[in-house]
Amino acid sequence: MNTENLRLVIADWASLQKDAQAIRYAVFVIEQKIPAELEWDAADAQCVHAVAYDGSGKPVGTGRLLPDAHIGRMAVLAEARGLGIGAQILRALMEQAKARGESSVRLNAQQSAENFYLKEGYVRDGDLFEEAGIPHVSMVYLFA
């Protein structure tokens with residue numbers, strides 16, 4: 001996969017819904033077996049969304065920033081993992097939060113991704129809990 005020409009688009013849900021939803025469906029519903037009704041979320045229309053496109057224009061990753069400075073629905077297609085795409089999406093959403101004056105950002109990470117977020121400067125902020133049958137942990141990043 002060519003990530004040299006990776007393009008990251010930040011926009012509203014109406015602009016990115018088709019691509020973001022396809023990625024989330026592939027990762028959460030197909031791969032992780034989360035029931036589809038738990039994936040659809042009315043909050044999407046209130047969020048800032050990010051979609052990463054590879055060099056050929058294929059959407060390969062997505063994330064969103066909610067109005068309360070919570071980063072959610074981070075997903076990267078299996079064939080694009082390990083290439084730094086998730087980190088680019090995360091940092092772009094963090095910059096959006098910082099630009100609007102937030103002092104911190106929060107997220108609920110799947111426990112399997114906790115080390116990724118720790119490397120990005122997040123700290124654990126709560127006990128382990130289950131969401132959609134998957135262990136999660138609350139994390140926070142404080143802007144300096």
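Reader: Hi! Leaving out residues up to four places away in sequence, what does Glu-120 touch?
Author: Glu-120 touches Ala-87, Leu-90, Arg-91 and Tyr-141 on that count, where contact means heavy atoms within 4.5 Å. Before we go on, this is a predicted model, where local features need pLDDT of at least 70 and side-chain atom pairs count only at pLDDT 80 or more, while totals for chains, interfaces and linings use all residues. Residues are numbered from 1 along each chain as its sequence is written, and side-chain values use heavy atoms, with hydrogens and water left out.

Reader: Thanks! Is Glu-120 buried or exposed?
Author: Glu-120 is buried, with a relative accessible area of 16%. Buried means under 20% relative accessible area, exposed over 50%, and partly exposed in between, using a 1.4 Å probe and protein chains only.

Reader: And where is Glu-120 found?
Author: Glu-120 is in the loop between H4 and S6. Helices (H or I, at least four residues) and strands (E, at least two) are DSSP runs, numbered from the N terminus.

Reader: Switching to rings: how many aromatic pairs are there in the whole structure?
Author: A search finds four. One of them is Tyr-117 with Tyr-122, which is edge-to-face at 5.8 Å centre to centre and 75° between the planes. Rings of Phe, Tyr and Trp (its six-membered ring) pair if their centres lie within 6.5 Å; planes under 30 degrees apart count as stacked, over 60 as edge-to-face and the rest as tilted.

Reader: Which pair does Tyr-122 form with Tyr-141, stacked or tilted?
Author: Tilted, with 5.4 Å centre to centre and 50° between the planes. Tyr-122 lies in the loop between helix H4 (114–119) and strand S6 (123–131) and Tyr-141 in strand S7 (residues 134–142), so this pair ties together parts that are 19 residues apart in sequence. Tyr-122 is buried at a relative accessible area of 2%, whereas Tyr-141 is partly exposed at 22%.

Reader: Which residues form the aromatic cluster?
Author: Phe-116, Tyr-117, Tyr-122, Tyr-141 and Phe-143 make up one cluster.

Reader: What about the largest nonpolar core, how many residues has it?
Author: That core has 36 residues, and those with the most contacts inside it are Ile-71, Ile-85, Leu-90, Val-105, Leu-107, Tyr-117 and Tyr-122. A nonpolar core is a set of buried Ala, Val, Leu, Ile, Met, Phe, Trp, Tyr and Cys residues joined through side-chain atoms within 4.5 Å. Among the elements that give two or more residues to this core are helix H1 (13–31), strand S5 (104–110), H3 and S7.

Reader: What does S7 pair with?
Author: Seven bridges join S5 to S7, and these two run antiparallel; two strands pair if DSSP finds at least two bridges between them. Six bridges join S6 to S7, also antiparallel, and those two form a hairpin with two residues between them. Ala-132 in that turn has a positive phi of about 55°. As for facing residues, Asn-108 stands opposite Ser-138, and Phe-129 opposite His-136.

Reader: Back to H3: what span should it have?
Author: At 1.5 Å a residue, the 15 residues of helix H3 (residues 85–99) should span 21 Å, and its end C-alpha atoms are 21 Å apart, which agrees. The expected span is 1.5 Å times one less than the number of residues. Just after H3, Gly-101 takes a positive phi of about 95°.

Reader: Last one: which ring does the charged end of Arg-7 sit over?
Author: The ring of Tyr-53, 4.6 Å from its centre. A charge sits over a ring if NZ of Lys or CZ of Arg is within 6 Å of the ring centre and within 35 degrees of the ring normal.
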